Amino acid sequence: MKSNPVITINHLYKSFGKLEVLKDFNLKLFEGENLVLMGKSGSGKSVMIKCLVGLMEADKGDIKVLGKDISKLKQNELDELRTKIGFLFQGSALYDSMTVRQNLEFPLRRHSHNTEKKTEELVKEALANVGLPDTIDLMPAELSGGMQRRIALARALILKPKIIIYDEPTTGLDPITAKEIILLMMNIQKKYATSSLIITHDVDCARVISNRMILLLEGKDYAEGNFKDLATSKDPKIKAFFK
Ligand code: ADP
Ligand code: MG
């Protein structure tokens, strides 16, 4: 049985001049699931995410997030909705000139009104969740790539979002560190019952984490299914993903 969708994208179109990036793109993210989206670079994944959170306007199509039609929201309503979506951007995307503590406080100060004590508590809880309690006063440059990714994940989670979007969470990490990040993502999923949209090129990540997958194929076509069915498909366009 499928739960309610937390994201619904229907018939999304987006072009830049003659370049047709998204053509009749559809996606549903169901509550509590890990949906993996795979596609070649340039296939429109980031454009899709930008449309999804209202940072870019689609040419055509309907997008609903947590029951709200995003094209009908006022700016303040859109800002409010964005606090319910956590992002892990490609790379670590921490603020280099801020300490770990300041990086984690940033979304809290911007979007919520907590006492200093509560803010400190939330920062410490977030660091404990990613297994890095002792990094609070360090600068990002003092951390390894894997640690930076963990801190970025802690920051993405600090407002306790209902949905998390991961853009290439394991890219640029060695296989062991990548595996640690995947395990962490799975623990977070369990602990907070978030719904996750995971954009990745990493077949191992997809195998371990996905409940369902969408592949963006050549010619704006796409395939949907579980990992096992897609990974054993005879369709040459689909096979190309699992090489
Ligand atoms: P990816 O799947 O790698 O995330 P993107 O969604 O970033 O791909 O980009 C899809 C295509 O759209 C690319 O060809 C990119 O050059 C183009 N594109 C993205 N944003 C813009 C923009 N603001 N103006 C013009 N072209 C863009
Ligand atoms: Mg991208």
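The questions and answers below go through the sheets, the helix contacts and the ligand shell of a predicted model.

Q: Which strands form the edges of the six-stranded open sheet?
A: The six strands of this open sheet follow the order β6-β7-β8-β3-β9-β10, with mixed pairing. Neighbouring strands in the sheet are turned against each other by 15° on average, direction ignored. The strands that pair on one side only are the edge strands, and these are β6 (85–88) and β10 (222–225).

Q: In which sense, parallel or antiparallel, do β7 and β8 pair?
A: Strand β7 covers residues 163–167 and strand β8 covers residues 195–199, and five bridges link the two. Within this pair, I165 stands opposite L197 of β8. The sense in which β7 and β8 pair is parallel.

Q: Which residue is the bridge partner of G39 in β9?
A: G39 belongs to strand β3 (residues 34–39), which pairs in the parallel sense with strand β9 (residues 212–216) over five bridges. The partner that G39 has in β9 is L216.

Q: Which residue takes a positive phi in the hairpin of β9 and β10?
A: Strands β9 and β10 pair in the antiparallel sense over four bridges. Along this pairing, M213 stands opposite G225 of β10, while L216 has Y222 as its bridge partner in β10. Five residues lie between the two strands of the hairpin, and the residue whose phi is positive, near 70°, is G219.

Q: Which strands does α1 touch where it packs on the four-stranded sheet?
A: The four strands of this open sheet come in the order β2-β1-β4-β5 and their pairing is antiparallel, with β2 and β5 (68–69) as the edge strands. Helix α1 packs on the sheet, and its direction makes about 120° with that of β1. The strands that α1 touches are β1, β2 and β4 (60–65).

Q: How many bridges join strand β1 to β2?
A: Strand β1 spans residues 5–16 and runs antiparallel to β2. One of the pairs between them sets L12 against F25, its bridge partner in β2. The number of bridges that join β1 to β2 is eight.

Q: Which element gives the most residues to the shell around ligand 1?
A: Ligand 1 is surrounded by F16, L19, V21, G39, S41, G42, S43, G44, K45, S46 and V47, and by class this shell has four nonpolar, six polar and one charged residues. Two elements, β2 (19–30) and α1 (45–52), each supply at least two residues of the shell. The element that gives the most, with three residues, is α1.

Q: Why are α5 and α6 described as roughly parallel?
A: The axes of helix α5 (residues 145–157) and helix α6 (residues 175–192) come within 10 Å of each other and cross at roughly 15°. Because angles under 35 degrees count as roughly parallel, this crossing makes the relation of α5 to α6 roughly parallel.

Q: Which residues of α6 meet α5, and how do the residues of the contact divide by class?
A: The crossing of α5 and α6 is right-handed. From α5, the contact takes in G146, R149, R150, L153 and L157, which meet T177, E180, I181, L184 and I188 of α6. By class, the residues of the contact of α5 with α6 divide into five nonpolar, two polar and three charged.

Q: Is the crossing of α3 and α5 right-handed or left-handed?
A: Helix α3 (residues 100–111) and α5 have axes that come within 8 Å and cross at roughly 25°, and the two helices are therefore roughly parallel to each other. The sense in which α3 passes α5 is right-handed.

Q: Which residues of α5 take part in the contact with α3?
A: On the side of α3 the contact is made by V100, N103, L104 and P107. By class, the residues of the contact of α3 with α5 divide into five nonpolar, one polar and one charged. The residues that α5 brings to this contact are I151, A154 and R155.

Definitions and conventions:
Residues are numbered from 1 along each chain as its sequence is written. Chains are lettered from A and ligands numbered from 1 in the order in which they are written. This is a predicted model: local features need pLDDT of at least 70, side-chain atom pairs count only at pLDDT 80 or more; totals for chains, interfaces and linings use all residues. Two strands pair if DSSP finds at least two bridges between them. Axes are lines fitted to C-alpha atoms, for helices over the stretch in contact, and angles run from 0 to 180 degrees between N-to-C directions. A residue is near a molecule or strand if its C-beta atom, placed from the backbone, lies within 6 Å of it. Ala, Val, Leu, Ile, Met, Phe, Trp, Tyr, Cys and Pro count as nonpolar, Asp, Glu, Lys and Arg as charged, and the others, Gly among them, as polar. Two residues are in contact if their C-beta atoms, placed from the backbone, lie within 7 Å. Angles under 35 degrees count as roughly parallel, over 145 as roughly antiparallel, 65 to 115 as roughly perpendicular and the rest as oblique. A crossing is left-handed if the near helix is turned anticlockwise from the far one by less than a right angle, and right-handed if clockwise.
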